Amino acid sequence: MADEKLIKDLELSDKTFNEFRDFIYELTGLYFSVEKRIILTRKLKNRIVKLGLNSFEQYLHILRTQNIKQEINFLFEAITINESYFFRNELQFHSFYKFIIPDILGSKANDNIIRVWSSACSTGEEAYTIAMIFQEKIKPLFPELQLQVIGSDINNSSLEFARKGTYQHYSIQNVPELYLKKYFLQQGNNYIVSDEIKKLVRFININIYNDKQINNVRNCDVIFSCNVMIYYDLSSRKIIVNNLYNSLNKNGYLFIGYTESLHGISKSFKLVHLPQALAYKKEY
Ligand SMILES: C[S@@+](CC[C@H](N)C(=O)[O-])C[C@H]1O[C@@H](n2cnc3c(N)ncnc32)[C@H](O)[C@@H]1O
């Protein structure tokens, strides 16, 4: 009850909202417009009271001056939207094994490893879907081929969840029956990703807006960066796409969300119309 009163009494002034907005923008490229002020206020209020602080100003001061990694991570967790599920963009995955992988293999010399990056992987569904499709559709045709999947996000709680690989009904509702039987272990209401799939995927914390952090992931053949750029403004999207471009191999492909486009963001990629999906190819 006392907490509820404290939460209610906290006020975010225009000046402090602008300072928070700029601080978050500098760090992540995420722009909190005035319409999102209510969401930001609600999320941060709970945290401020939990930390025993009594104003937004105090919290901002701590974030700025003490640079506590854990607190910055919390901030990321508070401001990100992490909805995801297996086989989300099904037609993209279809194109991935039918057209993209054969095309990449055609241009790769003496290299038996395919590197795929799920660059805003949230709780891991996209990264594991890629690994399952590889095992089911690609491995039987190219038994020598190895897959490395990197799943990354700025939200540490999501990454922790992904590493555990235990999901409920919402996440698995699009999974075809065959995959469900082969690549999950069902325990009550839980669906646990099999070890065979888990060992193909590595989860790490990377901010795709940050060009220094992105240096940790290079030489990718395919990057999935789906349903993340929608949260960014034009200039941040340009930075993100340029970062992803630098992490791709020549002849590599970028997939973005169905509602997203690189129009006005980058001319470096060639837009490729696949039978049921769009992809962006790095040709130079
Ligand atoms: C809506 S989820 C999309 C998950 C998955 N790609 C999909 O399509 O199902 C967006 C994710 O992007 C992550 N994200 C937002 N900004 C990011 C950044 N700068 N670097 C890495 N991940 C980021 C969020 O934490 C969140 O987990």
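In which helix is Leu91 found? Leu91 is found in helix 6, which covers residues 90-107, in what is a predicted model. The protein as a whole holds 13 helices and 10 strands, and its domain assignment gives domain 1 (2-79) and domain 2 (90-282).

**Overall dimensions and packing**

- The radius of gyration of the protein is 20 Å, which agrees with the value near 19 Å that a compact globule of 284 residues would have.
- Taken along the principal axes, the C-alpha atoms of the protein fill a box of roughly 65 × 50 × 30 Å.
- Of the 284 residues in the protein, 35% are buried.
- When contacts in the protein between residues at least 6 apart in sequence are considered, 76% of them join residues at least 24 apart.

**The two domains**

- Between the C-alpha centres of domain 1 and domain 2 there is a separation of 31 Å.
- The contacts between the domains involve seven residues of domain 1 and 12 residues of domain 2.
- On the side of domain 1 that touches domain 2, the most residues come from helix 5 (residues 69-79), which gives three, and the residues of that side divide into three nonpolar, three polar and one charged.

**Nonpolar cores**

- The largest nonpolar core has 58 residues, and the members that touch the most other members are Tyr128, Ala131, Val222, Ile223 and Leu254.
- Helix 7 (residues 125-138) gives the most to this core, its share being seven residues.
- Ala131, one of the residues named for that core, touches Leu147, Val149, Ile197, Leu200 and Val201 when residues up to four places away in sequence are not counted.

**The shell around the ligand**

- The ligand is surrounded by 21 residues, of which the closest are Thr80, Ser84, Ala120, Ser122 and Cys226.

- Ser122, which is among the residues closest to the ligand, has a positive phi of about 55° although it is not a glycine.
- The loop that holds Ser122 runs between strand 1 (113-118) and helix 7, and Ser122 counts as buried because 24 other C-beta atoms lie within 10 Å, where the cut-off for a buried residue is 20 or more.
- Asn227 is likewise not a glycine, yet has a positive phi of about 55°, and its place is in the loop between strand 7 (220-225) and helix 13 (234-247).
- Why does Asn227 count as buried? Asn227 has 21 C-beta neighbours inside 10 Å and therefore counts as buried.

- Ile48, in helix 3 (residues 37-50), is buried, since 21 other C-beta atoms lie within 10 Å.
- Apart from its neighbours within four places in sequence, Ile48 is in contact with Leu10, Leu53, Phe56 and Tyr59, while Leu6, at 42 residues from Ile48 in sequence, lies 9.5 Å from Ile48 in space, C-alpha to C-alpha.
- Leu91 is partly exposed, because 14 other C-beta atoms lie within 10 Å, and a residue counts as partly exposed when that number falls between the limits of 12 or fewer for exposed and 20 or more for buried.
- With its neighbours within four places in sequence left aside, Leu91 is in contact with Gln276 and Ala277, and Leu91 and Tyr258, 167 residues apart in sequence, are 10.0 Å apart in space, C-alpha to C-alpha.
- Gln168 is in contact with Asn189 and Asn190, its neighbours within four places in sequence being left aside, whereas the C-alpha atoms of Gln168 and Ser95, 73 residues apart along the chain, are separated by 27 Å.

Methods:
Residues numbered from 1 in each chain as written. Predicted model: local features only at pLDDT ≥ 70, side-chain atom pairs only at ≥ 80, totals over all residues. Near = placed C-beta within 6 Å. Core = buried A, V, L, I, M, F, W, Y, C linked by C-beta atoms within 7 Å. Helix = DSSP H or I, 4+ residues; strand = E, 2+ residues; numbered from the N terminus. Contact = placed C-beta atoms within 7 Å. Domains from an automatic or database assignment. Nonpolar A, V, L, I, M, F, W, Y, C, P; charged D, E, K, R; others polar. Rg over C-alpha atoms; globule rule 2.2 N^0.38 Å.
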